[in-house]
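Here are some notes for a colleague who is reading the structure with an eye to side-chain packing. Please keep the coordinates open while going through the points.

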Amino acid sequence: MADKASDPSKPVAEESHEITPAMEKRVVRKLDLYITPVLFIVYLSCFIDRANIGNVRVAGLPEEIGASTQQFGTAVSIFFATYVAFEVPAVLLVKRYQPRYVLTALCVIWSVTTIANGLIVNVGGLYACRLVLGLCEGGLFPSLNMYLTLVYKRDEIAKRTSYLVSCTAFSGALGGLLAYGLLHLDGVGGYSGWRWVYLIEGAFSLICAVAIWFGLPTDVRKAYFLNEEDRKVMQVRHEQRLAYMGEDKLDWNEVKLAFTDPKVLLASATHFCQNILTNGFGTFLPSILHGLGYGTLASNYLTIPVYVLGALSIFTFAYLSDKYNKVGVFLFGTNLVGAIGYSILLGSRNGAVKYFACFICTIAVYNGTGLNLAWLNVNMAPQYRRATAIGIQQTVANTAGAVAGQLYRTSPYYLGNGFSLGAIFVAEILITLHYLYLVRLNKEKQAILAGEKEDDRVKRTGDRDVHFEYRT
């Protein structure tokens, strides 16, 4: 049995400097104060810009630019053509080059494009803006997630990932609130209310580009907010992280391994199913409420409490997942709750009951993507294998956005809600297989360590190291 220092799934011996839990806690608190808020605000802005098409749909955008129901659905779906294509290249670029260069450039371009979206006059302009937005935003989430792995240790990742995923829910709440307020500007300066939504939100995103440039240090060990003692602590943490993440040198064999890893394939397929919910419910909730008979403004502000519950549930289950060191059971359970909500949406004819069902649905809508992402995140190493795995998962998952855009066309949206319910059941099967596979791998490693089985595995590094215990 190897000692603790050789266990890649646990902290290595602190050989360079002696650090105490209090010292490390202080440094992590600084990271949470200076780094995480920047990532949070940037992704929040990104998702607001992406999802506000659902808010402006009920505010007259299709009618003003002459878009039919089918053309509007195409505009929602076409976003993911470039979004999906750029995910893996972007995350590798961020890993290869300085994150703030790549992320700042993407943020500036998508901000200008969002502003341009407020000036379009026809369907072609809408298509063009959606394609550029997809290109810029496609690599953002996996890149921000990858940046987290360069800052935090393995047992700290799930909670911070939940902060990012919560942006999908908070963006709905904030987007609904902003839309409600900005739609009151209808007619000001000769612009429709929906145009002001794009113009103001795009301008805010430009500010976020400044936050990226000045807020994200290239090497967090030398960050401006750390003193000398903090930097020594960060150096020890860096060495601990390398015990299971590996060196920074690019290894194409690690990239290839990610493409054939069953964990990646199962997590990617699961994420596709979960993203059917996120992209459908998250984008079209204002339309769903409008279909229940609520007016344009009400359809936007009534989304706020639904999204807030979704965000709170993300933090709750991320905390429980970290506390009990389990993911699969919480992922499976939140999906069951969501299945109840979608069943009510399909079976009830009462508007108030359907609105209540939206609250139930949101438990699965946002926890499904957050927990599944964290599950893959903590079970992949070293760095380039993990970076590629994240890119693959997000690429496969976000093709669901193109599908979801075609499901919610006409009220009462039986096709969209029914398809989402089916996606939940498929995801439950995949989650069960993923869980059983990880249990089998852990048992195999335990047998090798106990001398009950010969280690005849071809690859034994990274997460395949015999001491690396997979989180189930």
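Which side chain does the side chain of Ser 45 join in a polar contact?

1. The model is a predicted one, and in it the side chain of Ser 45 is joined to the side chain of Ser 205 by a polar contact of 2.5 Å. Ser 45 belongs to helix H2, and because its relative accessibility is 1%, against a limit of under 20% for a buried residue, Ser 45 counts as buried.

2. In the largest nonpolar core, which has 107 residues, the members that touch the most others are Leu 31, Tyr 43 and Tyr 342. Helix H2, spanning residues 36-57, gives the most to this core, contributing eleven residues. Another core lies apart from it and has twelve residues, among them Val 327, Ala 381, Ile 431 and Tyr 437.

3. For Leu 31, again not counting residues up to four places away in sequence, the contacts are with Thr 36, Val 151, Tyr 152, Val 220, Phe 225, Met 234 and Arg 237.

4. On the surface, a nonpolar patch is formed by Leu 33, Tyr 34 and Tyr 224, which together have about 340 Å² of accessible area. Of these, Tyr 34 is found in helix H1, residues 21-34, and Tyr 34 is classed as partly exposed because its relative accessible area is 32%, a value between the limits of 20% and 50%.

Notes:
Residues are numbered from 1 along each chain as its sequence is written. This is a predicted model: local features need pLDDT of at least 70, side-chain atom pairs count only at pLDDT 80 or more; totals for chains, interfaces and linings use all residues. Side-chain values use heavy atoms; hydrogens and water are left out. A nonpolar core is a set of buried Ala, Val, Leu, Ile, Met, Phe, Trp, Tyr and Cys residues joined through side-chain atoms within 4.5 Å. Buried means under 20% relative accessible area, exposed over 50%, partly exposed in between (1.4 Å probe, protein chains only). Helices (H or I, at least four residues) and strands (E, at least two) are DSSP runs, numbered from the N terminus. Contact means heavy atoms within 4.5 Å. A polar contact is a pair of N or O atoms within 3.5 Å; within protein, one must be able to donate a hydrogen and the other to accept it, and residues adjacent in sequence count only if both atoms are side-chain atoms. Patches are made of residues with over 30% relative accessible area and no salt bridge: like charges are joined within 9 Å, nonpolar side chains (Val, Leu, Ile, Met, Phe, Trp, Tyr) within 5 Å. Accessible areas come from the Shrake-Rupley method with a 1.4 Å probe; for residues, only the protein chains shown count as cover. A salt bridge is a side-chain nitrogen of Lys or Arg within 4 Å of a carboxyl oxygen of Asp or Glu.
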